Amino acid sequence: MIIEVKVPQFSESVSEGTLANWKKKVGEAVQRDEVLVDIETDKVVLEVPAGDAGVLVEILKGDGETVLSEELIARIDTTAVATAGASSSLAEATAPATTAAPAAASPAARKILEEKGIPAAAVSGTGRGGRVTKEDALAAQTPAPGKPAAAPSRAAPPLVALGERIEQRVPMNRLRARIAERLIQSKNENAILTTFNEVNMGPVIALRKQYGEKFEKKHGVRLGFMGFFVKAACAALEEFPILNASVDGNDIVYHGYVDIGIAVGSPRGLVVPILRNTSELSVAEIEKQIAEFGAKAKEGRLSIEELTGGTFSISNGGIFGSLFSTPIINPPQSAILGIHATKDRPVVENGQIVIRPINYLALSYDHRIIDGREAVLGLVRIKEALEDPARLVLGI
């Protein structure tokens, strides 16, 4: 019986994808649920599994080709026998992992191995069918100095000599290209203006120091700064709902909920997973979700649903040491909060110069619908909530 292999159904926010690389060749045996190919979208990498055991008899779309949702890309014959040079029978396809091809690896494993400079072919996989898992990649040892590594599984882009200097041309992956597209869209379509303020993080730091250990023991997650920033942002968005609105043609859409996107780095680039109904979450729930997002982003496991939507965003350049920046709005949102590194700085209080842990805040907003008054007062509201965290608990 012939089984069709189709592209998974994309969400409404994803129109197409790119076939990253086929794990199997025509004529090779495959197991049920074995990953056949990775599809890279502008948000996530999707794995396409085999619907049943058999032989891959036809590939309709090759590596690097663009595919649409539910498009036919291959066929599997469940009654065929693998050709010579591949697997001799379906039974061999279900042999122990030690006999399977070691080069097959999950997207997360491949990324880890690339960072270590280790080819997937040099790692023995413990996953189904000999697939290299994330754990295998983490455990893999980098080749000793002076010892040549095995040839990588995918050829690197060629170096081009320009006299005594060289250049290397590398195509953007789909996520990077999408980021570039959206940044240009934001710059061209929004009237972006940024207002700044500074906040004394001393009260939040004291609260973390006093309750951090008990918080982690009870909730199983560290009490970070982001939970406070998110709750402070929610307070400002509820007081000034225009900051949580978006533009749709000639209409202003006011959202009766707060979904905050948290910008995090991933091996493939910047991604913005969404905290849903954020104003209803506790600090503990926020910290747990952010920790989960960070782990998923690192491993390439964020789903399209987790990256879709959002009414407001927060970008934390401070974790990289940023002192000051002007964040770019993530369309169709109308505002974004940028937070930065907290540093001890001299400030004047009651006519005296004192040292305080100061963080510079930046709120970029779309001046088409948000006036300076709402933007400035919204940022002041965030500042006040952070300098007096009891406000967040009491809702005042």
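The accessible surface of the protein comes to about 21000 Å², and 53% of that surface belongs to carbon and sulfur atoms. The model described here is a predicted one. Of the 396 residues of the protein, 44% count as buried, and the chain holds nine helices and 20 strands. Among contacts between residues at least 6 apart in sequence, 63% join residues that are at least 24 apart.

When neighbours within four places in sequence are left aside, Thr195 is in contact with Leu361, Ala362, Leu363, Tyr365, Ala375, Val376 and Leu379.

Not counting residues up to four places away in sequence, Asn200 touches Glu349, Arg356, Pro357, Ile358, Leu386 and Glu387. The C-alpha atoms of Asn200 and Glu387 are separated by 5.9 Å, although these residues are 187 apart along the chain. A polar atom of the side chain of Asn200 also lies 2.9 Å from the backbone nitrogen of Gly202.

**Aromatic pairs**

The structure holds two aromatic pairs. In one of them, the rings of Phe196 and Phe324 have their centres 4.7 Å apart and their planes at 20 degrees, so this pair is stacked. Because Phe196 lies in strand 11 while Phe324 lies in the loop between strand 17 and strand 18 (335–339), the pair ties together parts that are 128 residues apart in sequence. Phe196 counts as partly exposed at 34% relative accessibility, and Phe324 is also partly exposed, with a relative accessible area of 46%.

Phe324 takes part in an edge-to-face pair as well, with Tyr360 as its partner, and here the distance is 5.4 Å centre to centre and the angle between the planes is 85 degrees. Tyr360 lies in strand 20 (residues 352–366) and Phe324 in the loop between strand 17 and strand 18, so this pair ties together parts that are 36 residues apart in sequence. Through these ring pairs, Phe196, Phe324 and Tyr360 are linked into a cluster.

**Salt bridges**

There are 13 salt bridges in the structure, and the table gives some of them.

| Residues of the salt bridge | N to O distance |
|---|---|
| Lys6 and Glu4 | 3.8 Å |
| Lys61 and Glu65 | 3.9 Å |
| Glu239 and Arg381 | 2.9 Å |

Lys6 is partly exposed, with a relative accessible area of 44%, and Glu4 counts as partly exposed at 43% relative accessibility. Lys61, by contrast, is buried, with a relative accessible area of 19%, whereas Glu65 counts as partly exposed at 34% relative accessibility.

In the salt bridge between the side chains of Glu239 and Arg381, Glu239 lies in helix 6 (residues 226–239) and Arg381 in helix 8 (residues 372–387), so the pair ties together parts that are 142 residues apart in sequence. Glu239 is partly exposed, with a relative accessible area of 45%, while Arg381 counts as buried at 11% relative accessibility. Elsewhere, salt bridges that share partners join Lys61, Glu65 and Glu71 into one network.

**Thr311, a buried loop residue**

Thr311 has its place in the loop between helix 7 (283–299) and strand 17 (312–316), and this residue is buried, with a relative accessible area of 2%. Leaving aside neighbours within four places in sequence, Thr311 is in contact with Leu243, Asn244, His255, Tyr257, Val258, Asp259 and Gln333. With one of these residues, Asn244, the side chain of Thr311 makes a polar contact of 2.5 Å through the side chain of Asn244.

Key. Residues numbered from 1 in each chain as written. Predicted model: local features only at pLDDT ≥ 70, side-chain atom pairs only at ≥ 80, totals over all residues. Heavy atoms only, no water. Helix = DSSP H or I, 4+ residues; strand = E, 2+ residues; numbered from the N terminus. Buried < 20%, exposed > 50% of the residue type's maximum accessible area, 1.4 Å probe, protein only. Polar contact = N/O pair within 3.5 Å; in protein donor to acceptor, adjacent residues only side chain to side chain. Contact = heavy atoms within 4.5 Å. Areas by Shrake-Rupley, 256 points an atom, 1.4 Å probe, with all protein chains shown as cover. Phe/Tyr/Trp six-rings, centres within 6.5 Å; stacked < 30°, edge-to-face > 60°. Salt bridge = Lys/Arg side-chain N within 4 Å of Asp/Glu carboxyl O.
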